[in-house]
Amino acid sequence: MTTVANMVGQKELRRLLTAAFTGGKVSHALLLIGPTGSGKKSWGRLLAKALLCHERTGAEACGECQSCRSFDRNNNPGYVSLKPDGTKLKTEQVKAVKRNFYLAGNAQVCLIEEAEKMTAEASSSLLKIFEEPPAGLTFILLVDEARRLPDTIVSRCQSYYLRPLAAKELAGLLERERGVSAEKAALLARISMGLPGHALALAADTTLDERIVEVKSLAYNLAVGRAPIYQLLGWADQLAQKEDLLPALELLAMIYRDGLMRNLCRSGDLVQPREQPLNWLEKIMPGDLEEAILLLNQVVHELETTNVNRRLLLEKTLILLQRRLT
Ligand SMILES: [Zn+2]
C-alpha cells in the first residue's frame, strides 16, 4: 500500500505536510506544484485519503478505517476528482462540488487536476468558495507552475512543491516496482530527468529498447559516419516527428556525456575504465564532446520553452554535431 512514509523522495514535502497535519494547520485549499510526471496526483490522493481518514496519524491515513477502505476501492463518497471537461475546467464543475457537498452533509475533499485549465469564471467560483470556506470541504489543486494560476487563487492556498527525484531514488523505484534491470533503471532515471511519471511510462513502453538502439546508432553515425548532408536532413526530419523527441535528445546527450566521462577518467587515471569501452566514443576529444552536450542541452531548452520549428532546429543541430564530432 502506498503511504506518505513510503513514497520515494520528497523529503521536504513530507516534512512540511507532516508538520501541517500534526499542528492542525492544514488549510481548506492546498496547492501541489510540480512538473508533469512529478507525482502530484499520487501525493494529492494520499492527502485526500488522510483528510478523510477517521484515525489518521500526522499526514498518514490509517489504511484500515471504513473511509480508507472505501478510498482504496475508489468509492469513498467524500472524494471528488475534477478534471477538465474537454480542454477547460468549467465553472459549472466547480459549483457542482459545493452543491454536492451540502447535499451529502459529510466531509469532502476535491482534487482538481490541471487546475490551470480552469476558465476565468471557474476560478472566480472557486475563489468565492475560498472566501467563505464551508467547514469540512477541502480542495487540493494540482498545477505544473504556480504562475499559471491567478494570483488570487495561489495566495489563498497553502503551497507545496514537488521536486524531481535523485537518479538513484528513481532507479530504485523502477527496479522495485517494475522489475527493471539495474542498468536500464539507471538509464531511465536519467532520461526522465527525475520525474517518476515519465520514468514509469518509459519503463512500460515495449518499444523502448528499440528506440534506445535507434538513438545509440544516431550517436555513433554522427560521430564517425561522415554522413552526407541529405542524410543528416533525413535524420532530422525523422527526429522532428518523434513524440518522444526530448527524451531522445536527452539520451543522445547522455551517450556523449558517458563518452566524456570515459575520456576524462582514462586520461586522469582516476577511475578504471569499464570492461568494454566504446572505442568510437573514446576517440572523440573531450572538448568536442563537451560542446556537443552543451549544444544538445540548449536545443532541449529551446524546444521546451519556445515554439521553434522543430525540423529546422534539428537540421541545424545535426549538422553542427557532425561537424564538431568528426
Ligand atoms: Zn483511515
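Here are a few friendly notes on this predicted model, from the whole chain down to single residues.

1. Ground rules. Residues are counted from 1 along each chain as its sequence is written. Because the model is predicted, local features need pLDDT of at least 70 and side-chain atom pairs count only at pLDDT 80 or more, while totals for chains, interfaces and linings use all residues.

2. Overall build. The protein chain holds 15 helices and five strands, taken as DSSP runs (H or I, at least four residues, for helices; E, at least two, for strands) numbered from the N terminus. Its C-alpha atoms fill a box of roughly 70 × 40 × 30 Å along the principal axes.

3. Of the 326 residues, 35% count as buried, that is, 20 or more other C-beta atoms lie within 10 Å of the residue's own, with C-beta atoms placed from the backbone. Among contacts (C-beta atoms within 7 Å) between residues at least 6 apart in sequence, 73% join residues at least 24 apart.

4. Helix H1. The twelve residues of H1 (residues 11-22) should span 16 Å at 1.5 Å a residue, and the end C-alpha atoms are 16 Å apart, which agrees. The expected span is 1.5 Å times one less than the number of residues. After H1 comes Gly 24, with a positive phi near 65°.

5. H4 with H5. The axes of H4 (residues 91-104) and H5 (residues 120-131) come within 7 Å and cross at roughly 20°; axes are lines fitted to C-alpha atoms over the stretch in contact, with angles from 0 to 180 degrees between N-to-C directions. The two helices are therefore roughly parallel, the term for angles under 35 degrees. The residues of this contact divide into four nonpolar, three polar and three charged. Here Ala, Val, Leu, Ile, Met, Phe, Trp, Tyr, Cys and Pro count as nonpolar, Asp, Glu, Lys and Arg as charged, and the others, Gly among them, as polar.

6. H8 with H9. The axes of H8 (residues 182-191) and H9 (residues 196-204) come within 9 Å and cross at roughly 135°. Leu 188, Ala 189 and Ile 191 in H8 meet Ala 199, Leu 202 and Ala 203 in H9. This contact has six nonpolar residues, no polar and no charged.

7. Arg 262. This residue sits in H12 (residues 245-268). Arg 262 counts as buried because it has 20 C-beta neighbours inside 10 Å. Leu 281 is 19 residues from Arg 262 in sequence and 8.3 Å away in space, C-alpha to C-alpha.

Terms used
Buried ≥ 20, exposed ≤ 12 C-beta atoms within 10 Å, placed from the backbone. Contact = placed C-beta atoms within 7 Å. Parallel < 35°, antiparallel > 145°, perpendicular 65-115°, else oblique.
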